[in-house]
Each structure stands twice: as structure tokens, then as C-alpha cells.
Amino acid sequence: MEFTTGPLDPETELTTRDARWQLWAGRSIDRPAWYATASTGTPVALLTAVTQCVSDPAPLPRWREATFSYREGMAQLTSILLSGPLAPTPLDVQRAVSSRRPAALPATSVPRWSTSSRPALPGPRR
């Protein structure tokens, strides 16, 4: 990571690589494998978080098909084996629920409200 001191034009910081902060990776700053720039107004907490994530040596899982753009010799690829069945994704659950047939209605009678009046009961009223 590099920090540029002195005054910088805000327009230049946003439209060129001449920025307050430069973070790059590779063998040469002239031809980096990737780089990021941040302007003077970028919060230092954000820069700290990005730097910690980028410099973390812990491996990151990637699908082999997604690694085609990695430069030869710039990344270490290691195969990993899954230890058990994968948990269903929310989309898997939604598909399973929508593919179920509706349950049959119960055969028992269900009392319903009625607007008709009941027959009069025999005997005196209280």
C-alpha cells in the first residue's frame, strides 16, 4: 500500500490512478496483477478493512471454472474435498415446497358459521 502526501486535485483522484491511496499486488507496480485506489475522502477504517482482507493468508474457496483469469504463478490452487452432503440453498427449499402436491382436505365435517336462525327450542323461556 502506498500513501501520497501533499495536495491532490479531487477530480484527478477520481479519474486517474493518481490517488491518495494505492493498493496493488504483483511483481511490479508498473504492471500489477491488480490494483485499487482510494481518494482522500475514503475512511481510514475502510482502508484498514480492505488491507486486512487482502493480506489475509487464509485460503479462499473458488470453483475451478472461476479461476481461468488467475495469472500463472500468481495464485496457489489447491483442490479441496467436501466432507458431507451440502445443505440445501434457499432456492432448493423454495423449489421443493412449490413442487409438493396440495394435501387432501380432511374428511371430517367442519362446523361453519351460518346466518340462518336456529329452530325454536321446546319449553318455557327463562
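This is a predicted model: local features need pLDDT of at least 70, side-chain atom pairs count only at pLDDT 80 or more; totals for chains, interfaces and linings use all residues.
Which strand holds Tyr35? Tyr35 is found in strand E3.

Three strands form it, in the order E1-E2-E3. The sheet is open, and its pairing is antiparallel. Strand E1 covers residues 2–3 and strand E3 covers residues 34–38. Both stand at the edges, each with a single partner strand, so one side of each has no neighbour in the sheet.

Now look at E2, which spans residues 21–25. Five bridges join E2 to E3, and the two run antiparallel.

Next come the rings. The structure holds one aromatic pair. Its members are Phe3 and Trp21, with ring centres 4.7 Å apart and planes at 55°, so the pair is tilted. Phe3 lies in strand E1 and Trp21 in strand E2, so the pair ties together parts that are 18 residues apart in sequence. Trp21 is buried, with a relative accessible area of 17%. Phe3 is partly exposed, at 46%.

Finally, turn to the surface. Trp34, Tyr35, Leu46, Val50 and Val54 form a nonpolar patch there. Together they have about 440 Å² of accessible area. Strand E3 and helix H2, residues 44–55, are the elements that give two or more residues to this patch. H2 gives the most, with three residues. That brings us back to Tyr35, a patch member in strand E3. Tyr35 counts as partly exposed, at 41% relative accessibility.

Definitions and conventions: Residues are numbered from 1 along each chain as its sequence is written. Side-chain values use heavy atoms; hydrogens and water are left out. Two strands pair if DSSP finds at least two bridges between them. Helices (H or I, at least four residues) and strands (E, at least two) are DSSP runs, numbered from the N terminus. Rings of Phe, Tyr and Trp (its six-membered ring) pair if their centres lie within 6.5 Å; planes under 30 degrees apart count as stacked, over 60 as edge-to-face and the rest as tilted. Buried means under 20% relative accessible area, exposed over 50%, partly exposed in between (1.4 Å probe, protein chains only). Patches are made of residues with over 30% relative accessible area and no salt bridge: like charges are joined within 9 Å, nonpolar side chains (Val, Leu, Ile, Met, Phe, Trp, Tyr) within 5 Å. Accessible areas come from the Shrake-Rupley method with a 1.4 Å probe; for residues, only the protein chains shown count as cover. A salt bridge is a side-chain nitrogen of Lys or Arg within 4 Å of a carboxyl oxygen of Asp or Glu.
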